[in-house]
Amino acid sequence: LYARASIDGTSPLANAAQALLQSLQASLSAEEFQRCVMLSSIGLGHQFQPVTFTLETGHWISLDLEGATIVYQGKETRTELGFATSGIVFLPVKYTELTSYSTPRERRHFIEFFSWSPAQQPRTWTLLWRVFEVVREQLVDVTNADLGTISVEQPPAGNGVDTRTMAGLRVNDDGLLMWEVLQGPDRGSELIETEAEREEVREEARVQKAANDRVNWDLVRDVRRRPALAYSGAGGCGNTFVHGWSDDRTEAISVRADRDALGLSTTPKTFDLSSTRDGLELLVHVYDRAMRRWPFCTDSFALPAAPTETWRVVGGTLTITLSPPGIRARAPYLYRATIRIVGAELISAAGARVKLTQPISLTAVVGWFTG
């Protein structure tokens with residue numbers, strides 16, 4: 001209370017409160033004083049109740065107003081959550097355990113926070129839902145949602161709110177885990193990523209960062225040179241678009257294939273590139289400098305124009321194989337496209353020709369429209 005009074009510079013009691021606060025601080029530990037300052041900000045009516053949940057043998061989580069302490073295999077990890085804001089009122093923290101029946105079958109552990117946050121209008125409160133998954137010693141953010149607003153002097157607290165009718169977690173008919181928001185402006189649902197999928201995304205980001213760190217971004221090259229036709233990375237989007245890029249990011253190859261028009265499936269399908277075919281296009285793009293962003297799978301009009309020479313294919317073969325859809329839990333419409341190009345011959349606008357001496361293989365996740 002002294003800390004709150006000392007913050008108000010317009011109050012005649014502010015200086016006296018500051019002096020009293022300083023005199024009391026010496027009797028408090030650093031942790032106690034930090035908690036005092038936090039409570040002066042969020043208020044004393046937060047109604048948060050510390051709780052501990054046992055997840056597995058040797059694995060549990062303790063939650064308090066400031067964050068979470070996770071014990072896993074004898075190691076203790078502290079995570080500050082930072083969402084205890086001014087005027088917040090918490091409902092009881094909820095622990096949900098679900099078992100995924102897809103491959104691999106696994107038990108997963110979720111922590112759900114429901115809280116009332118004061119809105120800008122007087123006597124108005126917004127109910128917020130935030131979900132975390134406990135993965136070993138980590139607390140992984142899953143989702144958050146606005147469940148609606150009410151106008152009352154004080155919001156219902158404790159067990160006076162049936163949150164099961166508002167939002168929750170469940171296992172769907174395919175054995176996959178999902179979250180659902182059943183009311184409010186954020187109404188909707190989505191599958192929850194597995195840890196393997198999250199690690200795949202993190203690994204892709206690490207590999208891409210390491211590759212970018214090796215690029216000479218100041219290098220300027222002749223845009224009319226012959227393409228090297230060697231590619232180290234790949235990305236994709238749409239139905240079905242795959243592009244690859246060179247180590248120095250001054251060259252790219254793009255393959256656009258209409259899945260339905262070409263009858264693409266999990267069975268490899270080979271096309272003769274010496275003749276044009278509706279729904280299939282292969283181009284090689286040569287740039288005068290390294291490209292930080294590619295004009296593919298994005299709003300190309302938002303990217304600055306870069307000097308480029310485009311080579312089109314006039315020979316060779318191209319084989320496309322698709323994986324079954326559903327390679328990522330949160331996006332069941334995604335699938336993986338694998339492309340193999342053999343003996344391709346390309347020609348520039350000026351009539352120069354180049355022939356592929358080694359096969360090109362590209363693999364990318366497609367089915368979405370950003371990449």
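**Ground rules**

I took the structure as a predicted model, where local features need pLDDT of at least 70, side-chain atom pairs count only at pLDDT 80 or more, and totals for chains, interfaces and linings use all residues. Residues are numbered from 1 along each chain as its sequence is written, and side-chain values use heavy atoms, with hydrogens and water left out.

**Entry: the four-stranded sheet**

I began with the strands, which are DSSP runs (E, at least two residues; helices are H or I, at least four), numbered from the N terminus. I called two strands paired if DSSP finds at least two bridges between them. Four of them make an open sheet in the order β1-β2-β3-β4, with antiparallel pairing. The edges are β1 (51-56) and β4 (75-80); each has a single partner strand, so one side of each is left without a neighbour in the sheet. From one strand to the next, the twist averages 15°; axes here are lines fitted to C-alpha atoms (for helices over the stretch in contact), and angles run from 0 to 180 degrees between N-to-C directions.

I then looked at how β1 meets strand β2 (residues 59-63): the two pair in the antiparallel sense over five bridges. Which residue in β2 does T54 face? I found W60 opposite T54.

**Entry: the three-stranded sheet**

Another open sheet has three strands in the order β10-β11-β12, again paired antiparallel. I noted β10 (167-171) and β12 (188-191) as the edge strands, each pairing on one side only. Neighbouring strands in this sheet are turned by 20° against each other on average, direction ignored. Strand β11 (residues 177-181) runs antiparallel to β12 and is joined to β12 by four bridges. For M178, I noted L191 as the bridge partner in β12.

**Entry: the disulfide**

I searched for disulfides (a pair of cysteine sulfur atoms within 2.5 Å), and the count came to one. The partners are C237 and C297, with their sulfur atoms 2.0 Å apart. Why is this disulfide left-handed? The torsion about the S-S bond of C237 and C297 is about -85°, so left-handed is the label. C237 lies in strand β13 (residues 233-237) and C297 in the loop between β17 (280-287) and β18 (308-322), so the pair ties together parts that are 60 residues apart in sequence.

Next I checked burial (buried is under 20% relative accessible area, exposed over 50%, partly exposed in between; 1.4 Å probe, protein chains only). C237 and C297 are both buried. C36, at 25% relative accessibility, counts as partly exposed.

**Entry: the phenylalanine cluster**

I listed aromatic pairs (ring centres of Phe, Tyr and Trp, the last by its six-membered ring, within 6.5 Å; planes under 30 degrees apart are stacked, over 60 edge-to-face, the rest tilted). The structure holds eleven. One of them, F83 with F90, is tilted, at 6.2 Å centre to centre and 50° between the planes. F83 counts as buried at 15% relative accessibility, and F90 is buried at 2%.

F83 also pairs with F113, edge-to-face, at 5.0 Å centre to centre and 70° between the planes. This pair links distant parts of the chain, 30 residues apart: F83 is in the loop between β4 and β5 (89-90), F113 in strand β7 (residues 106-118). Ring pairs gather F48, F83, F90, F113 and F132 into a cluster.

**Entry: charges over rings**

Last, I looked for charges over rings (NZ of Lys or CZ of Arg within 6 Å of the ring centre and within 35 degrees of the ring normal). R292 has its charged end over the ring of W217, 4.2 Å from the centre. R249 lies over the face of W245, at 5.6 Å from the ring centre.
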